[in-house]
Amino acid sequence: MRNILLASTLFFAAQSPFTLAMAQTPDPAVLTPERVFSDPALAGPVAKGVSLSPDGELVAFLRSREDDVEVQDLWAAPTGEGEPFKLIDARALVPDAGELSEAEKARRERMRISARGVVEYSWDEQGRYILAPLEGDVFLAEREGGAVRRLTESEADEIDAKVSPDGNFVSWVRDQDLVVYDLASGRETEVTNDGEGLITWATAEFIAQEEMDRDTGYWWSPDERYIALQRTDESGVDVIPRLDITGGGATVIEQRYPRAGRPNAVVELYVHDRQTGRRTKVDLGTNTDIYLARVNWSADGRTLYVQRQSRDQKTLDLLSVDPATGASRVIVTQRSDAWVPLTHDFKALDDGNFIWSSEETGWKHLYLYDRDGRMIRPITYGPWAVKSLNGVNQRTGEVFFTASFAYAERPEGVTGGHSVCPMPGGRSMMCDVQGETPTTQRLWRASLNEQGGRFTPVTPDGGWWSASMNRTGTAFVGNYSDLNTPPQSGLYRADGTFVRWIEENRLDEDHPYFPYASRRGEVTFGTLESHGETLVWQMTTPPGFDPSKTYPVIMQVYGGPSGGGVKRGWQSATNQLLTEAGYIVFRLDNRGEGDRSAAFKQALHLKMGQPEIEDQVLAANYLRSLPFVDDNRIAAMGWSYGGFMTLHMLTEPDMGLTSAISGAPVTDWSLYDTHYTERFMSTPQANPEGYAASDIVDQLDRLTGRLLLMHGMADDNVILENSTRVMDALQASSIPFELMLYPGQRHGVRGNERQLQQWRTYLDFLDRTIGSRSQ
């Protein structure tokens, strides 16, 4: 369940040509739903999918077209002097975009891609080419001269296209088989030819795409000799018939959907040898009921590293595989009594060593291992979690990572470490006192070769940074925002020195949001203590806030395992719609939510819907302690896991909610998929009490207020059955509720017109239940 807080948060990435003249608004300084869901986008010129060429001399990024913001072109800019230029013009190459295949639609839904045109691209490792799939076909742009070459023009979609590491070949999946295209000869070679029906080659299965953050099913070796590729057999997966209902009718989809406690697809891994044409099966063990989690090559291409996760997700093995024979051996094992998380923190180094992250100490940190899996030393340590491994400069021995922590001031006279930090294997070492700062994030630098040193911040503190580094670790694209700075992208050297803007996105008089900036509500942050854990919250007050008056409150909630939502970053324009309507907007990151300690995340193990609700009750009680909060006018709203949360909050007497909006909620975890659900809840057979406690249907007679239920009628993730069983139970008990269904929409509501209708519905419901019309 990739995080969807509210469907409205998608509007920056899913624009459509709905325009309302500013003269029609009664006051141009007041932000309206009509303005939020029209063009130009209030976020300003935000660069998407920014990446550096391997040599760090060119920046590529996606930019929406001025004449149709739903369509993206591929742009590039030199890292030195020179202006950005359009590298691939989507509409010039494909003037009339056709209908995507169902497989590609599903893949894009899993990746949360709603735009058309160029939606993804990739470099070869030499930086000579950029490959861009476009509307089902494949195009190759040459860096020198900018010539664009069309490689395919077929009725079938070519998906998951890649350029090989040395730029000699391009590969893609067509009709469930892997194809390799020789750029020199223009000849296609089928690597596989028996993909059909329930057998698919080189494509990540549903579970990998939706829950494991793995969107590919094949991997080139660095020397281009081998291709590791998966074979997926879905024949054992249950068929879950569902109606795909659109405005023009309904289609029955026989969806292979692996529900909790039921069979998964069987995934095998093979290695194709391009020199001999031989395909060798990789030994993943005798147990086929496992997850193929990650696949990586060593720097010299002689070893294939495979992460194999057990079905119960309590064990994660790192296998070292001989690509010539398929023989494997386990070189590192991570274990947990709850679950072992998957990351993208594996990095193979040129000397044969590798970096990998682990939560063994209770916090996720980076460790250096030799080629046989023996841990050489920790790279990071302390009572805080590494968010991601961003890059390595192997020449200088620098490791770059993002994290939310700060050094504490050393007591006067103390020159060395003065706190005990846990280490793997039950060991410990002296270190500087460091603490979490969950609401901010920045890029840091550590030493690859030395143990015990202080970590160096690369980017300033105070806001929210993410970074994409080049392959050599000498430069990065930094993405930044704070409460007063819209998302901006710049190019930086590895030491943090600013080089040039990619999209400055300055909030000046020319910015589309500028007329509304003066009416932003004040955002404050705070903490609450729950079961020994510190929870962070943020509160936004309406324009002209008067603490001597009382206001209704909207608790925005996600609540489930995610990166957390309380951040000192740019706030959504939809939040301002709520404050403009006179509401205080409150958000709490409860236990289980956020990239924090293992204990913080594992609080909900086997009991989703319990610790999270306890923390939200704590938040509601805190709100009621504030003199400017109207005790009788508190509502909640959320989507996906947030929809699950709002239903439980509305049936919790201690919450005392007046109303709630629940979008696309899971209402019975036995209806949801295996990898996500079993990670936190085990199976229905092993944890019947936990599943029963989280099933909302038996609790609907405890509703404390009015409910607005919303769902997409083509949702293939949280299937509509989750909401229809709630509708049925409420009707059977003669309990009134409000309902809004979206024909043709999947797990999010897409497009400006529909999102405008959605937000008009939100605001109307809130106004009638806790707003001015409720009194």
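Me: Which residues lie nearest the centre of the largest cavity?

Reply: K387, P438, G563, D595 and R596 lie nearest its centre. They are among the 17 residues that line the largest cavity. Keep in mind that this is a predicted model.

Me: What volume does the largest cavity have?

Reply: About 140 Å³.

Me: And how does its lining divide by residue type?

Reply: The lining of the largest cavity has 7 charged, 5 polar and 5 nonpolar residues.

Me: How many cavities of 30 Å³ or more does the structure hold?

Reply: The structure holds 6.

Me: Which residues line the second largest cavity?

Reply: E205, F206, I207, E234, V237, R256, P258, N264, A265, V267, I290 and Y291. Two elements give two or more residues to that lining: α4 (206–211) and β21 (290–297).

Me: How does that lining divide into nonpolar, polar and charged?

Reply: The second largest cavity has 8 nonpolar residues, 1 polar and 3 charged in its lining.

Me: OK, new topic. In what order do the strands of the open sheet run?

Reply: The order is β10-β11-β12-β13, with antiparallel pairing. β10 (158–163) and β13 (188–190) are the edge strands, so each pairs on one side only. From one strand to the next, the twist averages 25°.

Me: Over how many bridges do β10 and β11 pair?

Reply: β10 and β11 (residues 169–174) pair over 4 bridges, in the antiparallel sense.

Me: Which residue in β11 stands opposite E158?

Reply: R174 stands opposite E158.

Notes. Residues numbered from 1 in each chain as written. Predicted model: local features only at pLDDT ≥ 70, side-chain atom pairs only at ≥ 80, totals over all residues. Heavy atoms only, no water. 1 Å grid on protein atoms, 1.4 Å probe; cavity = no way out; pocket = protein on both sides within 12 Å on 5 of 7 lines; lining within 4 Å. Points joined across faces, edges and corners; volume = space filled by probe spheres on them. Nonpolar A, V, L, I, M, F, W, Y, C, P; charged D, E, K, R; others polar. Pairing = 2+ DSSP bridges. Axes fitted to C-alpha atoms, helices over the stretch in contact; angles between N-to-C directions.
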